[in-house]
Amino acid sequence: MAEDSDAEKTEPASPKRLEQAREEGDVPRSREVATFTVLMAAGAGLWMTGDGLIRQLHSALVSGLTLNQEQIFDADILLNRILVDVVRVMIACLPLGVAVMVVALASPLLVGGWLFSGKAVAPNFNKLNPANGLGNMFSSNALVELFKAVAKALVVGLVAWLVVMKQKDAVIGLAVEPLKLGTAHLLHILGSSFLFIVGALGFIAAIDGPYQMWHYANKLKMTRQELIQESKESDGNPQIKAKIRQLQREMAKRRMMADVPTADVVVTNPTHYAVALKYSDGMRGAPKVVAKGTDEVAARIREIARENKVTLLEAPALARALHKHTEIGDEIPEALYSAVAEVLAYVFQLRLFSKGNGNRPDVPKTLDVPPELDPLNPASQKKKPDLNNGAPA
């Protein structure tokens, strides 16, 4: 059951899937919407420019049929006359043609938008496969197209019949009207009938447009497995990324452990925290943290420090504050300058003593660590730590 549900395409298409479909020239399209808008534009154009267009065509027709003897027997004059009349007809039809062309170019914006894709016009021999053709003939989409064709025929036929029946008396009356008045009346009847019949296609287009959008979205739906696989391809396999992060942490840990022998002192909790500090004469800035850790990492830092004779100093509050408020490679906060200076002074005096110079220094017992910097001190929960000077916030 789980495998069956995973195989069902229940998830909306991802942005990547939609983009790939557009690159292949696959976008929602509605022929009914395009046909309706173009025919309505042509009808509206004829309705608004019909009188002027008829006058221009009438003038061109009269001019073309009015020939004198010179024009009849001179082929050059006759040809020029024909060219002039053709140009007049083209100019007369130009506004209507431009309007229809603009609407035809803009109609794709209603469903799917403009798209220019070379893959859409590339040869696809799979379309020549008879098996695929037979499959398309008996698909659900073919049934929908058949239903639309029948619906168009019924709707347009019904509207056309109603229009003809309504205009029947007017059409019969044209026979007794004067020529100019009858011509204008006929154009009015044809124009209104055309708009009514084409307007019936608006009903089909209003249904087909949303249907094509739904059908397109449903066709591009994905299974959960496809989404997971796409996410892996886009963002990388989570297991591999986790492994990489683990390796990065291990490498950083090894580098950190390699710096412990160079430290001047390791401040401990004594068991849960360990922070290694380094300060060399002439080094600019404050002492730096070269390693830090808790529990097992802290134990390893202490072990390496003992092996390399790095001084270990038990200062729980200072160790916790350094671990909380510093990162590896950072200088210590200004608020801890006083405490760390006291620690380093002890370390340097201890080195002199080990060389036979001076007395053995006393281990620092009370260090100046602001309470709000110690994560285990209740004051740290009430006051915002001030890392610049250690004064209470």
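Predicted model: local features only at pLDDT ≥ 70, side-chain atom pairs only at ≥ 80, totals over all residues.
Residues are numbered from 1 along each chain as its sequence is written, and side-chain values use heavy atoms, with hydrogens and water left out.

The protein contains 14 helices and four strands, these being DSSP runs numbered from the N terminus (helices, H or I, at least four residues; strands, E, at least two). Of the 393 residues in the protein, 27% are buried, where buried means under 20% relative accessible area, exposed over 50% and partly exposed in between, with a 1.4 Å probe and protein chains only. Among contacts with a separation of 6 or more, 71% are accounted for by residues 24 or more positions apart, a contact being heavy atoms within 4.5 Å.

Helix α3 (residues 31-65) and helix α5 (residues 75-106) have axes that come within 9 Å and cross at roughly 170 degrees; axes are lines fitted to C-alpha atoms, for helices over the stretch in contact, and angles run from 0 to 180 degrees between N-to-C directions. The two helices α3 and α5 are therefore roughly antiparallel to each other, a class that comprises angles over 145 degrees. The contact of α3 with α5 has 14 nonpolar, six polar and three charged residues (nonpolar: Ala, Val, Leu, Ile, Met, Phe, Trp, Tyr, Cys and Pro; charged: Asp, Glu, Lys and Arg; polar: the others, Gly among them).

The unreviewed UniProt entry places the feature "transmembrane region" at residues 89-116, 146-165 and 186-207, although such annotations may be inferred rather than shown by experiment. Residues 146-165 are 100% helix and 0% strand, with end C-alpha atoms 28 Å apart, and residues 186-207 are likewise 100% helix and 0% strand, with end C-alpha atoms 33 Å apart.

Aspartate 295, a residue other than glycine, has a positive phi near 50 degrees; aspartate 295 is found in helix α11 (residues 295-307) and, at 43% relative accessibility, counts as partly exposed. Lysine 309, also not a glycine, has a positive phi of about 55 degrees, is found in the loop between α11 and β4 (311-314), and counts as exposed at 79% relative accessibility.

Notes. Parallel < 35°, antiparallel > 145°, perpendicular 65-115°, else oblique.
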